[in-house]
Amino acid sequence: MMRTQVGIVGAGPSGLLLAHLLGLQGVESVVLENRSREYVEQRVRAGVLEQGAVDVFREAGLAGRIEAEGLVHHGIELRFAGQGHRIAMSELTGGRTITIYGQNRVVADLVAARLAAGGPLLYEVEGVAVHDLDSDRPSITFTHGGADQVLECDVIAGCDGFHGVCRPAIPEGAITEYERVYPFAWLGILATVAPSTDELIYAHHPNGFALHSLRSPEVSRLYIQVPAGEDMAEWPDDRIWAELHVRLATDDGWTLAEGPIFERGIAPLRSFVVEPMRHGRLFLAGDAAHIVPPTGAKGLNLAVADVTVLAAALADFFATGSEVGLDAYSDTCLRRVWQAQRFSWWMTSMLHRFPDEGPFAARLQLAQLDHVVTSKAAATALAESYVGLPIP
Ligand code: RFL
Ligand code: PHB
């Protein structure tokens with residue numbers, strides 16, 4: 001039998017950052033992850049950090065590599081009807097920025113910090129189950145290195161992502177789930193080629209959405225909308241590039257440079273929220289509690305906000321016994337979560353081809369885009385959401 005203050009299920013960005021923030025406040029935790037360290041550090045996902053998220057990392061002493069190697073961006077481009085239009089994000093938001101820095105590097109930085117702090121971080125645990133969530137001694141059972149283990153906790157943090165075990169452990173009827181599944185997915189690639197753009201390009205095209213992002217001056221990250229359930233085998237490299245050229249084309253002769261593709265994957269698009277983000281002594285954070293379609297670049301940033309709020313509430317609880325912060329956790333986070341849902345849904349609706357909608361809907365999308373790039377009020381609304389709401 002092991003004992004800790006906070007048992008954390010999942011060593012993604014949520015679980016690792018929570019462990020670090022708790023450690024800074026003298027709160028003990030044990031982090032349990034069912035995958036291997038290599039797998040988690042290589043998993044390619046998000047790439048955009050809001051300024052508020054970078055601030056959290058800086059204040060926690062974790063921003064060394066982000067500041068050295070992250071790329072600070074002041075605007076994005078919306079491309080439609082053959083033309084690009086810059087949204088001057090920083091000018092519209094009093095100087096706020098975003099930073100391009102891959103999620104796998106965020107995770108690697110957090111793992112390094114956790115190991116340096118000597119905190120327990122167990123990989124390749126199996127059969128994780130959470131128990132007695134309604135008591136003040138919840139526990140986690142699992143197998144590690146062939147041995148059955150019981151971890152007794154004061155609190156459990158469910159940071160185990162959308163497919164984890166914590167949310168399903170909450171009795172039916174105690175939570176409400178809100179969900180929208182989109183009829184399309186994103187096919188994403190990483191390619192060894194200098195980005196053909198300085199800023200992210202979000203493109204609307206009759207064939208469907210495309211996004212030109214990047215990871216570094218040498219590596220481009222590109223996405224195209226594909227039908228839900230699409231098989232990667234349908235997309236040989238030359239077809240991916242051909243479609244990117246078509247969807248990103250402009251009237252002024254802009255060109256897209258190609259390079260060797262070294263990573264590819266297809267991710268479904270979904271909007272999901274669970275309310276409340278708590279059951280008894282179990283607190284859900286990040287993707288375990290909510291999923292946004294990636295069009296707003298909000299998934300990772302919401303995870304950072306959740307665990308920042310949760311760490312402060314837990315530190316107060318362990319220092320003073322007060323549950324005020326813990327009781328407010330779900331409502332505090334959900335307000336911000338629903339704003340990110342609204343923005344992510346809106347960006348998704350404006351930029352994708354919806355197979356069941358006709359030409360009227362497509363004309364409305366173009367009118368919406370035209371409005372955003374010609375009205376300062378509309379551009380400001382987009383920019384404020386894109387750079388991110390304050391972390392409470
Ligand atoms: P994570 O990163 O999913 O981490 C959860 C961790 O829990 C582990 N786990 C378990 N551990 C122990 N026992 C169990 N039973 C467990 N079950 C699961 C998992 O192995 C994992 O290590 O959630 P977290 O920490 O909340 O972080 C959230 C972000 O990862 C997520 O919001 C974003 O990456 C979303 N997302 C993207 N966001 C963007 O802004 N841009 C993107 O391009 C983008 N691409 C993506 C994505 C999410 C994806 N998922 C979740 C399918 C691409 C994919 C494929
Ligand atoms: C990425 O670089 O992976 C990325 C950027 C912006 C998004 C989604 C993903 O909206």
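Analyst: Let's start with Tyr329, which is buried because its relative accessible area is 0%, a value under the 20% cut-off. Keep in mind that this is a predicted model. Phe283 also counts as buried, again because its relative accessibility is 0%.

By the pairing rule used here, the count comes to 12 aromatic pairs. Take Trp186 and Tyr223: their ring centres are 4.8 Å apart and their planes make an angle of 50°, which is a tilted pair. This one ties together distant parts of the chain, with Trp186 in strand 14 (residues 176-192) and Tyr223 in strand 17 (residues 219-227), 37 residues apart. Trp186 and Tyr223 are both buried.

Now back to Phe283 and Tyr329. Their ring centres sit 5.8 Å apart and the planes are at 75°, so this pair is edge-to-face; the cut-off for that label is over 60 degrees. Here too distant parts of the chain are linked: Phe283 belongs to strand 20 (residues 282-284), Tyr329 to helix 9 (residues 324-351), and 46 residues separate them.

What does the tilted pair belong to? Trp186 and Tyr223 are part of one aromatic cluster, whose other members are Tyr202, Phe209, Phe343, Trp346 and Tyr386.

Tyr223 is also our way into the ligand site. One of its polar side-chain atoms lies 2.8 Å from an oxygen atom of ligand 1. On its own, ligand 1 exposes 1,000 Å², and the protein buries 84% of that. Helix 1 (13-24) and helix 8 (299-320) are the elements that give two or more residues to the shell around ligand 1. Ser14 has a side-chain N or O atom 2.6 Å from a ligand oxygen, while at Gly299 a backbone N or O atom is 3.3 Å from an oxygen of ligand 1. There are 27 residues around ligand 1, and Ser14, Glu33, Arg43, Gln103 and Asp287 come nearest. By type, the shell splits into 11 nonpolar, 9 polar and 7 charged residues.

On to the backbone. Ala297 lies in the loop between strand 21 (290-291) and helix 8. Its phi is near 55°, a positive value in a residue other than glycine. Ala297 is buried because its relative accessible area is 16%, again under the 20% cut-off.

Asp132 has a positive phi as well, about 55°, and is not a glycine either. You'll find Asp132 in the loop between strand 10 (126-131) and strand 11 (139-144).

Then there's a cis peptide bond between Glu275 and Pro276, with omega at about -10°. Pro276 sits in the loop between strand 18 (261-275) and strand 19 (278-279).

Ser90 is buried, since its relative accessible area is 10%. Leaving out residues up to four places away in sequence, Ser90 touches His73, His74, Gly95, Arg96 and Thr97.

Methods:
Residues numbered from 1 in each chain as written. Chains lettered and ligands numbered in written order. Predicted model: local features only at pLDDT ≥ 70, side-chain atom pairs only at ≥ 80, totals over all residues. Heavy atoms only, no water. Buried < 20%, exposed > 50% of the residue type's maximum accessible area, 1.4 Å probe, protein only. Contact = heavy atoms within 4.5 Å. Near = heavy atom within 4 Å. Polar contact = N/O pair within 3.5 Å; in protein donor to acceptor, adjacent residues only side chain to side chain. Areas by Shrake-Rupley, 256 points an atom, 1.4 Å probe, with all protein chains shown as cover. Helix = DSSP H or I, 4+ residues; strand = E, 2+ residues; numbered from the N terminus. Nonpolar A, V, L, I, M, F, W, Y, C, P; charged D, E, K, R; others polar. Phe/Tyr/Trp six-rings, centres within 6.5 Å; stacked < 30°, edge-to-face > 60°.
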